[in-house]
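Here is a short report for a reader new to this structure. Please keep the sequence and the model in view while reading.

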Amino acid sequence: MSQPDRLRTGELSVIGRVTTASNVTLVCEIAPPDLGEESAPLRVVYKPVRGERPLWDFPDGTLAGREVASYLISEAIGWGVIPETILREGPYGPGMVQRWVESADHHTDVHPGHTPRLDLVDLCPPAAVPDGFREVLRALDDTGEEVSLIHADDPRLHRVAVLDLILNNADRKGGHALEGVDGQVYGVDHGICLHREHKLRTVLWGWAGAPIDTALVEDITAFAQALSGPLADALAEHITDTEIDALSERTRELLDDPVMPRPRTGRPIPWPAF
């Protein structure tokens, strides 16, 4: 059985829970179909619909579908930012199932005596923002010390930030951008995306006012042309026609002015930020 088939039909065995998540988020494994097979279990994240916390501005029971729709959009653009994500049955009913990302640990993957590398999104003293990072804002930590919220000036992360504009991501926290051991930068946790109204909240504001790379604009142009075809039918299984129209409008606006926007609301950063 191939890995995609295992993801869709293999039995989910719960091995843990992400306790910091707002909604029920379970870590599961799918065993190889042949018990004698030497391949490792396939690890996934499973978010049952019944474990979704009601929100005032998103319809109940729609978050899992929004995660799948976000994945379909990422794939249609060709960026592979979101790990494979499907909607399927699990031990607690239907829910979102997503391939687990084995992430690199910047704070421990260093040689003795070396300063640990910062995460893609991190905090540091204002006077110590390193080269290769962009400062987003300054704030006080829980001890009253001033800190800077920063993120890597990394084209892989920039692609995540551009995808967030298209998805209208209302919750891009620091921990939702992961550098995999494969060298790819992934975005996870897209349950509150694709609202018809402007909802963008992100920690990736360091590129505000900067032009979007030409290659990314070319990808978005092709995506805009594909939106009216079978992709729209696939998205309609998970989001409303009004939300698909809003997605199309956001895409056109981005192509008309391919520049990273500046915050336009009084709450542009999710809380908590990590």
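## Helix α2 and its buried residues

In this predicted model, the buried residues of α2 are Leu-63, Ala-64, Gly-65, Arg-66, Glu-67, Val-68, Ala-69, Ser-70, Tyr-71, Ile-73, Ser-74 and Ile-77. That is 12 of the 15 residues of α2, so the helix is largely enclosed by the rest of the structure.

The helix covers residues 63–77. From its first C-alpha to its last, α2 reaches 21 Å, close to the 21 Å expected at 1.5 Å a residue. What follows α2? Gly-78 does. Its phi is positive, near 95°.

## Two helices that pack

Two packed helices are described by the angle between their axes and the distance between the axes. For α4 and α6, the axes come within 10 Å. They cross at roughly 145°. The crossing is left-handed.

Which residues make the contact? From α4 come Val-217, Ile-220, Thr-221, Phe-223 and Ala-224. From α6 come Leu-247, Thr-251, Leu-254 and Leu-255.

Most residues other than glycine have a negative phi.

Leu-194 counts as buried, because its relative accessibility is 0%.

## A buried arginine

Arg-201 lies in the loop between β10 and α4 as well. Arg-201 is buried, yet it has no salt bridge. Which side chain of opposite charge is nearest to Arg-201? It is Asp-57, 5.0 Å away.

What does Arg-201 touch, leaving aside its neighbours within four places in sequence? Its contacts are Asn-169, Ala-170, Asp-171 and Arg-172, together with Arg-267, Pro-268, Ile-269 and Pro-270.

## A cis peptide bond

Most peptide bonds are trans. The bond joining Trp-271 and Pro-272 is cis. Its omega is about -5°. Pro-272 is found in the segment after α6, a helix that spans residues 241–256.

Conventions:
Residues numbered from 1 in each chain as written. Predicted model: local features only at pLDDT ≥ 70, side-chain atom pairs only at ≥ 80, totals over all residues. Heavy atoms only, no water. Helix = DSSP H or I, 4+ residues; strand = E, 2+ residues; numbered from the N terminus. Buried < 20%, exposed > 50% of the residue type's maximum accessible area, 1.4 Å probe, protein only. Lys, Arg positive; Asp, Glu negative; His and termini not counted. Salt bridge = Lys/Arg side-chain N within 4 Å of Asp/Glu carboxyl O. Contact = heavy atoms within 4.5 Å. Expected span 1.5 Å × (residues − 1). Axes fitted to C-alpha atoms, helices over the stretch in contact; angles between N-to-C directions. Left-handed = near helix turned anticlockwise from the far one by under 90°.
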